[in-house]
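Please consult the sequence and the structure shown below while reading.

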Amino acid sequence: MKTIKILFAAGALALMTATGCSEDFLDLAPISQQNANNFYKTPEDMKNALTAVYGSLQYGGQYYSSMHIIGELRSDNTEITNPAAGADQQAVDDFTNVPVTSISSNTWNAHYQGIQAANILIDKIQPIQMDAALKARYIGEAKFLRALMYFNLVRIYGDVPLVTAVINNPQEGYAYGREAADKVYEQIIADLVEAEGALPFAYTGADIGRATKGAAMSLLGKVYLTRKQWTLAAEKLKQVIDAAAQTKYQLRPTYAGIFGAANENNTESIFEVQFKGGSNGEGSPFSNQFAPIGSGTAVVAVGNPLGQNIPTNEMYQSYEAGDLRRDVSMATSYILSGREVKHNYILKYKSTPAANLDSDINWIVLRYADVLLMYAEALNEVGYVANGPAFEFLNQIRTRAGLPALSSTNANPSLRITNQTEFRLAVEKERRSELAFEGHRWFDLVRTGRAIEVLASKGMQAHQALFPIPQSQIDINPALMTQNPGY
């Protein structure tokens, strides 16, 4: 019974504002439906409820930890080089994770907590007397966030429970078993279409950082790409590109200008998980998480270096000569007590935290470079065209990185792309360099069917394209919950 309360935390969740990765509320009993109905009375109450949905993105099982553990550590980009960094993370890294590994359960629980918060907002706002456009916007924001969380879940676990109504008591949780991924994707697409229609292209002041029309369009394009609906993906991503006058999206002049607290929510950013260091637990942990164990204050000046997500040597070598992104993204040594220590570590999230695990660094979920690369990929999948438009958008990314353009007629064989397969691999390589350590690599390899070929040397087997369903979910509802094959 307690596990279902954790999976589908009831009305109490929406009373919470964003509180970092704190999950103390899990010990609370659900608010009764009568009390919940009495609570939601005003537009301000609904604003607080929406804040709770955004706040769920900060949970340990979402973008505070799990999404970079799964998106990067599972891939060939990063590794655990010191066992003290954590046994569960080591298991994800070397493909030995099992259904009782905490990362699977934490990721599952945190996403369903966020989905429940979104469902509460969508349900409770209906009778509230408030400005109609603002009500539609709040619903659109909640549906974008619900779609994002379901997109993560279905990519990680495959078939998952599809819950679009408020769970009022633990007993109701027993009615939900695993739903076919196709049906989950139908809901994701429906939510994003509605969000696109309700959200503005941009915000001002304190609202900057909320989900926008461009965010809904970009995520929808990524969903279509994941579903191999190439024409739909190309159409939607081109709409994002063509809407530049409204969205103000553009590539930053320099790659370094994308990252760091001073560059948050910039013109290349489409959607970021907002963190605020020195603000009652609202800070992000990345500066500490990604600093090598034993580096003292040489890499991160405040707090403990945790040695997670250490870039592989192969990752360093994968960059082309002259690629300006490499030295912005990672370093290979640091100076400790006057001595150089050879050790790879991520630079993109480096900062001086206000306290341990308390940096003022956001996590970028979607940015314009990703859109351009997805569009190039979708065009190529629709049909390879020698020196066609797909080359133009791919080369926009390479030009900023200081690299020569690719073409179908280049005299240099290393820069010549003559068919669809070669272009497909060129996009994969460019995505790896451009989006390094941003949580995309694992999902790209699975999406394109290349995971086994690339990661077999790390120990990956075919069934591990999906993570195991947490054993606790099967134990409490064996009639409807089944395990993924191979686990």
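In which loop is the place of Gln250? The model examined here is predicted, and in it Gln250 lies in the loop between H11 and E2.

Leaving aside neighbours within four places in sequence, Gln250 is in contact with Thr267, Glu268 and Tyr368. By contrast, the C-alpha atoms of Gln250 and Ala49 are separated by 32 Å, and these two residues are 201 residues apart along the chain.

Asn265 is placed in the loop between helix H11 (244–247) and strand E2 (269–273). The phi angle of Asn265 is near 55°, a positive value in a residue other than glycine. With a relative accessibility of 27%, Asn265 counts as partly exposed.

## Ser337

A positive phi value is also found at Ser337, a residue other than glycine, where the angle is near 55°. Ser337 is located in the loop between strand E4 (330–336) and strand E5 (339–346). Is Ser337 buried or exposed? Its relative accessibility is 76%, and because the limit for this class is over 50%, Ser337 counts as exposed.

## Helix H3 and Pro43

Pro43 belongs to helix H3, which covers residues 43–56. The relative accessible area of Pro43 is 33%, and the residue is partly exposed. Which residues does Pro43 contact, leaving aside its neighbours within four places in sequence? They are Ile128, Gln129, Met130 and Tyr138. For Ile128, the separation along the chain is 85 residues, while the C-alpha atoms of Pro43 and Ile128 are separated by 7.0 Å.

The length of H3 can be checked by simple reasoning. At 1.5 Å a residue, its 14 residues should span 20 Å, and the end C-alpha atoms are 20 Å apart, which agrees. The buried residues of H3 include Asp45, Met46, Ala49 and Leu50. Among the others are Val53, Tyr54 and Gly55.

## Helix H17

A corresponding check applies to helix H17, residues 420–434. Its 15 residues should span 21 Å at 1.5 Å a residue, and the end C-alpha atoms are 21 Å apart, in agreement.

Several residues of H17 are buried, among them Phe423, Ala426 and Val427. Glu428, Glu430, Arg431 and Arg432 are also among the buried residues of this helix. Against which elements do the buried residues of H17 pack? They pack against helix H9 (213–226), helix H13 (313–318), strand E6 (363–367), helix H15 (368–382), helix H16 (389–400) and helix H18 (441–447).

## The chain as a whole

The secondary structure of the chain comprises 20 helices and 6 strands. Its radius of gyration is 22 Å, close to the 23 Å that the globule rule gives for 487 residues, so the chain is as compact as a globular protein of that length. Along the principal axes, the C-alpha atoms fill a box of roughly 70 × 50 × 45 Å. Of the contacts between residues at least 6 apart in sequence, 69% join residues at least 24 apart.

Buried residues account for 58% of the 487 residues. The chain exposes about 18100 Å², of which carbon and sulfur atoms supply 53%. There are 41 positive and 48 negative side chains, and the centres of these two sets lie 2 Å apart.

Terms used
Residues numbered from 1 in each chain as written. Predicted model: local features only at pLDDT ≥ 70, side-chain atom pairs only at ≥ 80, totals over all residues. Heavy atoms only, no water. Helix = DSSP H or I, 4+ residues; strand = E, 2+ residues; numbered from the N terminus. Rg over C-alpha atoms; globule rule 2.2 N^0.38 Å. Buried < 20%, exposed > 50% of the residue type's maximum accessible area, 1.4 Å probe, protein only. Contact = heavy atoms within 4.5 Å. Areas by Shrake-Rupley, 256 points an atom, 1.4 Å probe, with all protein chains shown as cover. Lys, Arg positive; Asp, Glu negative; His and termini not counted. Charge placed at Lys NZ, Arg CZ, Asp CG, Glu CD. Expected span 1.5 Å × (residues − 1).
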